[in-house]
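Dear colleague,

I am passing on the structure we spoke about, and I would be glad if you could look through it with the notes below beside you. The sequence and the model come first, and what was found follows.

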Amino acid sequence: MRKLLSRIVVDTRPLKIVAFRRLWISTAVTAVGSQLTAVAVPKQIFDLTGSSGYVGLSGAVALVPLLVFGLWGGAIADAVDRRKLLLVTNTGVTVTSALLWLQAFAGIHSVWLVLGLLAANQAFFAINMPTRGAVVARLVPPALLPSANALNTTMSTFGAVFGPLFGGALIPVIGLSTLYLVDVCALLITLIAVWRLPAIPPLGDTSRGAGLRSVLDGFRYLAAQKVLLASFVVDIIAMVAGMPRALIPEMAERTFGDPPGGGPALGLLYAALPAGAVLIGLFSGWLHRVYRHGAAVVLAICLWGAAIAAFGLAHSLWLAVVFMALAGAADMISAVYRQAILQTATTDEMRGRLQGVFTVVVAGGPRIADLTHGWAAAAWGTTATATGGGLLSIVLVVVAALVIPVFWRYRAPAGEKDATATV
């Protein structure tokens with residue numbers, strides 16, 4: 001029984017690597033803390049303006065720096081010591097979060113100040129994300145990368161599930177400004193963990209810059225690497241065609257009977273996707289035993305599409321929640337292997353820039369889906385949109401696998417031992 005559990009429960013061997021353990025602790029501490037701010041900002045904006053339009057504007061304000069600085073941050077990560085860059089960006093996130101606390105505590109009541117601080121916070125965060133992803137491949141041997149990615153993604157998704165729940169519960173108890181302060185305290189712990197990482201200087205040519213040419217070099221490199229290009233294409237297919245997030249408010253009310261002001265269906269449907277991802281993360285011990293990473297991604301996206309299509313047809317709330325959780329589990333599997341492909345099939349001097357593209361795709365795909373699914377639902381209804389999007393995901397990812405067969409055949413690098421490092 002113990003042997004069976006060791007094969008399916010999350011593989012914790014990467015945590016034996018001291019440097020990765022410190023990086024993971026920093027991820028774990030901020031996973032919930034950052035979500036508290038994600039709850040506090042729109043709540044404060046609505047309190048200040050009484051307008052959902054301004055709340056929607058905060059999404060655009062957060063997205064633009066994420067797209068711009070995500071790409072540029074990857075170029076910077078390839079040109080400088082990544083530990084130092086993590087320190088700078090984590091300090092920037094901490095300072096902007098502290099300023100969000102200060103303006104709320106002082107009662108300044110300026111929505112434009114909140115939006116400006118949010119934009120600055122997301123700019124630092126956008127540089128931090130590709131840097132953090134590029135660091136993992138320097139700390140963990142290739143054989144353990146799927147397990148390391150599962151640990152990181154599980155903790156981030158845990159924050160996405162429980163952070164908003166904690167935030168909503170804590171605001172009436174401790175107040176909005178104190179919620180910001182809790183995030184600041186978590187970020188200070190993160191800074192200590194990052195400070196204790198070893199130096200991670202760039203490999204190879206150390207004279208390269210981090211300007212527009214460097215960013216374009218990353219895109220040229222991506223265009224020449226069919227496996228990497230395909231990993232981004234299939235993720236865009238899954239998210240843009242299949243992500244039904246924009247349909248949830250209407251379906252919660254009109255399909256599953258929530259009252260107009262909101263009800264349990266809304267919360268359950270929003271939580272189901274990340275809950276499914278957390279569940280597969282907790283039982284991810286088998287992931288590192290799969291070597292055909294390309295085929296695993298394609299099959300996971302097919303499962304994602306089938307689950308979304310079934311969700312669109314469900315008329316029972318609990319069936320809908322189950323199918324959404326299944327979709328979240330499939331997306332988690334796809335994300336783990338796509339990240340492993342990116343880390344192993346990319347040279348270190350390009351890894352930061354490709355992580356920047358990864359950040360943009362992950363952030364941008366669901367937002368494009370929100371737009372397209374919203375329009376489609378207005379024209380054809382939520383059932384046709386969700387089910388059609390899920391089926392379209394399957395068709396398009398199969399076509400992509402046929403057009404780029406090298407992706408389907410891609411395997412993890414051979415001959416790597418399941419060893420652990422000591423840095």
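Let me begin with a pair of packed helices: helix α12 (residues 293–313) and helix α13 (residues 317–344) pack at an angle of about 160°, and their axes are 8 Å apart. Because of that angle, α12 is roughly antiparallel to α13, where angles under 35 degrees count as roughly parallel, over 145 as roughly antiparallel, 65 to 115 as roughly perpendicular and the rest as oblique. The axes are lines fitted to C-alpha atoms, for helices over the stretch in contact, and the angles run from 0 to 180 degrees between N-to-C directions; helices here (H or I, at least four residues) are DSSP runs, as are strands (E, at least two), numbered from the N terminus. The crossing in which α12 passes α13 is left-handed, a word used if the near helix is turned anticlockwise from the far one by less than a right angle, with right-handed used if it is turned clockwise. The residues of the contact of α12 with α13 divide into 20 nonpolar, three polar and two charged, with Ala, Val, Leu, Ile, Met, Phe, Trp, Tyr, Cys and Pro counted as nonpolar, Asp, Glu, Lys and Arg as charged, and the others, Gly among them, as polar.

Before going further, please keep in mind that this is a predicted model, in which local features need pLDDT of at least 70 and side-chain atom pairs count only at pLDDT 80 or more, while totals for chains, interfaces and linings use all residues. Residues are numbered from 1 along each chain as its sequence is written, and side-chain values use heavy atoms, with hydrogens and water left out.

Two further helix pairs involve α5. Helices α4 and α5 pack at an angle of about 155°, with 8 Å between their axes, which means that α4 is roughly antiparallel to α5. Their crossing is left-handed, and the contact of α4 with α5 has, by class, 15 nonpolar, nine polar and three charged residues. On the other hand, the axes of α5 and helix α14 (residues 348–380) come within 8 Å and cross at roughly 135°, so α5 and α14 are oblique to each other, and the crossing of α5 and α14 is right-handed.

Trp101 is partly exposed, at a relative accessible area of 24%, whereas Phe105 counts as exposed, at 57%; buried means under 20% relative accessible area, exposed over 50%, and partly exposed in between (1.4 Å probe, protein chains only).

Leu99 is found in helix α4 as well and is partly exposed, with a relative accessible area of 38%. Leu99 and Leu117 are 18 residues apart in sequence, and their C-alpha atoms are 7.5 Å apart in space. In the loop between α4 and α5 (111–139) you will find His109, whose phi is near 60°, a positive value in a residue other than glycine; His109 is exposed, with a relative accessible area of 62%.

Finally, here are some residue pairs that are separated along the chain. Asp11, in the loop between α1 (2–8) and α2 (18–49), is buried at a relative accessible area of 8%, and it is 275 residues from Trp286 in sequence but 7.9 Å from it in space, C-alpha to C-alpha. Leu145, in helix α6 (residues 145–174), counts as buried at 2% relative accessibility, and its C-alpha atom is separated by 9.9 Å from that of Leu287, 142 residues apart along the chain. Gln35 has its place in helix α2 and is partly exposed, with a relative accessible area of 23%, while Gln35 and Ser156, 121 residues apart in sequence, are 9.6 Å apart in space, C-alpha to C-alpha.

With kind regards
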